[in-house]
Amino acid sequence: MVALAACGGRYRPVSDFPVKIGRPYTVRGITYTPAAAPTYDEVGFAGWYGNESGNRTANGETFSAKAVTGAHTTLPLPSYVEVTSLETGRTILVRINDRGPFARGRLIDLSREAADLLGIRAVGTAAVRVRRVDPPERDRAQLRDGKAAAARPDAAPDDLAALRYRWQDSAR
């Protein structure tokens, strides 16, 4: 019993509460200021990570490369975001439970499973839209259990063209 209690104290159970915003922090000389950001909607690059399975996330949970999760530098932990590939228009729902990416020029890091679902794992990084959303409880529960949420519709061709233009404009 004591051994189990010690194990259980090491990592926090997967939960949506409490939501943590956190204090500003500095990594490699760059200061990040977490914020509530309920209307967060950005375009940029996504990468993925997966070799850290078993480590603790910034949210205190156990990281699993097989869960549909992600890392963001400033969104509250946890948060839910729709991530859309600007190449294919494919959109997935991701639960943000970690901090990062700290690689220059990247907006979000996805777990290996999320990268697979979005279709970007083979290429390593890809242009994406990241939009904070408030999904239904059934989707939240699926993601808390490490499973994919219900399928999201792909971005409409006109919307995808506008997102690509926005991304190219932001790169200038």
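Modeller: Here is a short tour of a few residues and ring contacts in a predicted model.

Biologist: What should I know before we start?

Modeller: Residues are numbered from 1 along each chain as its sequence is written, and side-chain values use heavy atoms, with hydrogens and water left out. Because the model is predicted, local features need pLDDT of at least 70 and side-chain atom pairs count only at pLDDT 80 or more, while totals for chains, interfaces and linings use all residues.

Biologist: Okay, where is Thr 91?

Modeller: Thr 91 is in strand β6, residues 91-98. Strands (E, at least two residues) and helices (H or I, at least four) are DSSP runs, numbered from the N terminus.

Biologist: Is Thr 91 buried or exposed?

Modeller: Buried, with a relative accessible area of 9%. Buried means under 20%, exposed over 50%, and partly exposed in between (1.4 Å probe, protein chains only).

Biologist: Which side chain does Thr 91 join in a polar contact?

Modeller: The side chain of Thr 84, at 2.8 Å. A polar contact is a pair of N or O atoms within 3.5 Å; within protein, one must be able to donate a hydrogen and the other to accept it, and residues adjacent in sequence count only if both atoms are side-chain atoms. The Thr 91 side chain also reaches the backbone oxygen of Gly 89, at 3.3 Å.

Biologist: New topic. Where does Phe 102 lie?

Modeller: Phe 102 lies in the loop between β6 and β7 (106-111). Its relative accessibility is 27%, so Phe 102 counts as partly exposed.

Biologist: What is Phe 102 in contact with, neighbours within four places in sequence aside?

Modeller: Tyr 25, Val 27, Arg 28, Tyr 32 and Thr 73. Contact means heavy atoms within 4.5 Å. Ring pairs also link Phe 102 with Tyr 25 and Tyr 32 into a cluster.

Biologist: How many aromatic pairs does the structure hold?

Modeller: It holds 5. One of them is Phe 45 with Trp 167, edge-to-face, at 5.6 Å centre to centre and 85° between the planes. Rings of Phe, Tyr and Trp (its six-membered ring) pair if their centres lie within 6.5 Å; planes under 30 degrees apart count as stacked, over 60 as edge-to-face and the rest as tilted.

Biologist: What does the Phe 45 and Trp 167 pair tie together?

Modeller: Phe 45 lies in strand β3 (residues 41-49) and Trp 167 in helix α4 (residues 157-170), so the pair ties together parts that are 122 residues apart in sequence.
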